[in-house]
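Thanks for making the time. I will go through one structure this morning, starting with charged pairs and moving on from there.

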Amino acid sequence: MKTEDILNLDCTKMNNLQQLNKFLWKVKPVARILEKNNYTKTEQAPLDLLEQALHGIMLRYGYRMQGINTYYETEGKEKRFVFYSVSLLKIRDTSIWTGNVYGKTMWETIAKIIIKIYADLKKEKTEQ
């Protein structure tokens, strides 16, 4: 499964959520934090630990989020939440837009941001 496939998973389905959680264990900073806190690969990573890993990764490798936006759709007179959208920037000599990440929950959004950064770092490493 390619990174783009993982980033496009609909995590309202339990199987997709489990795949996303499983992929997070491939990201060393995430795996280290989870292991340090006695989590196993079968348990869903808690949001606070994902945030902790995300902040460390962003500081170390020079990434920034540019706003977390919500998207709503109108159905009749009611609005319903659809997803969160986050723009991701790589800060080097200049700011470089690396793409957007979408998620239906904050957990899914943070997990996908980590995976997007991980994929971008892998891509950057192979280009050198």
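Let me begin with Arg92 and Glu124, whose side chains meet in a salt bridge, 3.3 Å from N to O. Keep in mind that this is a predicted model. The pair links distant parts of the chain: Arg92 sits in the loop between β2 and β3 (95–103), Glu124 sits in helix α5, and 32 residues separate them. Arg92 counts as partly exposed, because its relative accessibility is 33%. Glu124 is also partly exposed, with a relative accessible area of 22%.

Lys90 has a relative accessible area of 12%, so it is buried.

How many salt bridges does a search of the whole structure find? It finds 7. One more deserves a mention: Glu108 with Lys112, where the closest N and O atoms are 2.7 Å apart. Both residues lie in helix α5, 4 residues apart, which is about one turn of the helix. Are they buried or exposed? Glu108 is buried, at 3% relative accessible area, and Lys112 counts as buried at 2%.

Next, the nonpolar part. The largest nonpolar core has 33 residues, and among those with the most contacts inside it are Leu24, Leu50, Trp107 and Ile114. Two or more residues each come from α1 (3–7), α2 (14–24), α3, α4 (47–61), β2 (78–91) and α5. The largest share, 8 residues, comes from α5. As general background, nonpolar side chains in soluble globular proteins tend to be buried together.

Now the surface. Lys28, Arg32, Arg60, Lys122 and Lys125 form a positive patch there. Helices α3 (28–36) and α5 (106–127) each supply at least two of the patch residues. Lys125, which lies in helix α5, counts as exposed because its relative accessibility is 62%.

Last, a loop residue. Thr42 is found in the loop between α3 and α4. Its relative accessible area is 75%, so Thr42 is exposed. Between Thr42 and Lys22 there are 7.7 Å in space, C-alpha to C-alpha, and the two are 20 residues apart in sequence.

That is the end of my part.

Definitions and conventions: Residues are numbered from 1 along each chain as its sequence is written. This is a predicted model: local features need pLDDT of at least 70, side-chain atom pairs count only at pLDDT 80 or more; totals for chains, interfaces and linings use all residues. Side-chain values use heavy atoms; hydrogens and water are left out. Patches are made of residues with over 30% relative accessible area and no salt bridge: like charges are joined within 9 Å, nonpolar side chains (Val, Leu, Ile, Met, Phe, Trp, Tyr) within 5 Å. Accessible areas come from the Shrake-Rupley method with a 1.4 Å probe; for residues, only the protein chains shown count as cover. A salt bridge is a side-chain nitrogen of Lys or Arg within 4 Å of a carboxyl oxygen of Asp or Glu. Lys and Arg count as positive and Asp and Glu as negative; His and the chain ends are not counted. The place of a charge is taken as NZ of Lys, CZ of Arg, CG of Asp or CD of Glu. Buried means under 20% relative accessible area, exposed over 50%, partly exposed in between (1.4 Å probe, protein chains only). A nonpolar core is a set of buried Ala, Val, Leu, Ile, Met, Phe, Trp, Tyr and Cys residues joined through side-chain atoms within 4.5 Å.
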